[in-house]
Amino acid sequence: YLSFPLIDELFSDCRKMLSSGICTSTVQLPGKVALVTGANTGIGKETAKELAQRGARVYLACRDVQKGELVAREIQTVTGNEQVLVRKLDLSDTKSIRAFAEGFLTEEKHLHILINNAGVMMCPYSKTADGFEMHIGVNHLGHFLLTHLLLEKLKESAPSRIVNVSSLAHHLGRIHFHNLQGEKFYNASLAYCHSKLANILFTKELARRLKGSGVTAYSVHPGTVQSELVRHSSFMRCMWWLFSFCIKTPQQGAQTSLYCALTEGLEILNGKHFSDCHVAWVSAQARNETIARRLWDVSCDLLGLPMD
């Protein structure tokens, strides 16, 4: 009988955790343009839905256009906002990224909110179309290139914001410049952690470079969220099922991204990392400015971009 109070306390703690971190901003977005990568499922879908609910013109940047169109129609029906558009974006292929950016820049005069949400997790070792290890290629380099290509539009539309979805898992990450592509040694779980650390370092250096431009950048940990990210791991799917009562829904997981995209006065926290709608602690390596600058230069070199 002693176990029942303990179980009740566990469920109570989980309920408190899941109810914390709610975006309370009432900001409306008529006339604003937002872009969410990986918006055809999970956190991205819920983020896009809320932005559309507030009146923004929202682009769903998805690899699976057919699935994206179904989600766009769903969002249009739920929100009454017809300005929900789907465009193909495959972050594992720089040609697709460049084609997407070229089309977007031709189509749109403004971009006020860029949410780099898409990602892969715990993939078996594989490479992108350009020969990058899949985690670092999609989660970091893909979004690095996309942001670079859209940066002038964001500056022209200022004040504007960039939100990079990272993870608490970054604490286990390390940037091994001698093994960035995982060719010398590879672990699927750690590769994900490394890429999430790269997201925070990218945000930090991006914020430094954007100071005074009217564009601000933030990284976020959405929490442990029920999503398709764990599709590559039977173990993680099992753990998700066992502890489902402690796992956030995609709507709950979207709250910190929305908080960083919408909250007024957040500009003074440019470059910070957030969890549950509060500034969160990051690892020592994630605070290392030298590593952040070197990763920026290496990323530019890999993608054929100018370093300045």
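Analyst: Helices here are DSSP runs of H or I with at least four residues, strands are runs of E with at least two, and both are numbered from the N terminus. Residue numbers start from 1 along each chain as its sequence is written, and side-chain values use heavy atoms, leaving out hydrogens and water. This is a predicted model, in which local features need pLDDT of at least 70 and side-chain atom pairs count only at pLDDT 80 or more, while totals for chains, interfaces and linings use all residues.

Let us start with Cys-300, which sits in helix 10. With a relative accessible area of 2%, Cys-300 is buried (under 20% relative accessible area is buried, over 50% is exposed and in between is partly exposed, with a 1.4 Å probe and protein chains only). What does Cys-300 touch, not counting residues up to four places away in sequence? Its partners are Phe-144, Leu-305, Pro-306 and Met-307, where contact means heavy atoms within 4.5 Å. Cys-300 and Leu-145 are 155 residues apart along the chain, yet their C-alpha atoms are separated by 8.4 Å.

A nonpolar core is a set of buried Ala, Val, Leu, Ile, Met, Phe, Trp, Tyr and Cys residues joined through side-chain atoms within 4.5 Å. The largest one has 36 residues, and those with the most contacts inside it include Leu-35, Leu-150, Ile-162 and Leu-206. Several elements supply at least two residues each to this core, among them strand 1 (33–37), helix 4 (94–107), helix 5 (134–156), helix 6 (188–210) and helix 10 (289–303). Helix 5 gives the largest share, nine residues. Leu-206 shows how parts of the chain come together: setting aside neighbours within four places in sequence, Leu-206 is in contact with Thr-147, Leu-151, Ile-162, Ala-217 and Trp-296. There is also a second, separate core of 33 residues, which includes Ala-39, Val-71, Ile-115 and Val-220.

Now for two helices named above. The axes of helix 5 and helix 6 come within 8 Å and cross at roughly 20°; axes are lines fitted to C-alpha atoms, for helices over the stretch in contact, and angles run from 0 to 180 degrees between N-to-C directions. The two helices are therefore roughly parallel to each other (under 35 degrees counts as roughly parallel, over 145 as roughly antiparallel, 65 to 115 as roughly perpendicular and the rest as oblique). The crossing of helix 5 and helix 6 is right-handed, a label used if the near helix is turned clockwise from the far one by less than a right angle, with anticlockwise giving left-handed. Residues that meet here include His-140, Phe-144, Thr-147 and Leu-151 in helix 5, and Tyr-192, Asn-199, Phe-202 and Leu-206 in helix 6.

The contact involves, among others, Ala-48 and Ala-52 of helix 2 with Val-71 and Ile-75 of helix 3. Val-71 is also one of the residues of the second core.

At the ends of helix 5 there are loops to visit. Glu-133 lies in the loop between strand 4 (113–116) and helix 5, and counts as buried because its relative accessibility is 3%. Leaving aside neighbours within four places in sequence, Glu-133 contacts residues including Tyr-125, Leu-180, Tyr-186 and Ala-191. Pro-159 is in the loop between helix 5 and strand 5 (160–165), and the peptide bond from Ala-158 to Pro-159 is cis, with omega near 5°.

One last stop is Lys-248, in the loop between helix 7 (234–242) and helix 8 (250–253). Is Lys-248 buried or exposed? Lys-248 counts as buried, at 5% relative accessibility. Its side chain reaches the backbone oxygen of Pro-222 at 3.3 Å, and a polar contact of 2.6 Å joins it to the side chain of Asp-276. A polar contact is a pair of N or O atoms within 3.5 Å; within protein, one must be able to donate a hydrogen and the other to accept it, and residues adjacent in sequence count only if both atoms are side-chain atoms. Asp-276 is found in the loop between strand 7 (273–275) and strand 8 (278–279), and has a positive phi near 50° although it is not a glycine.
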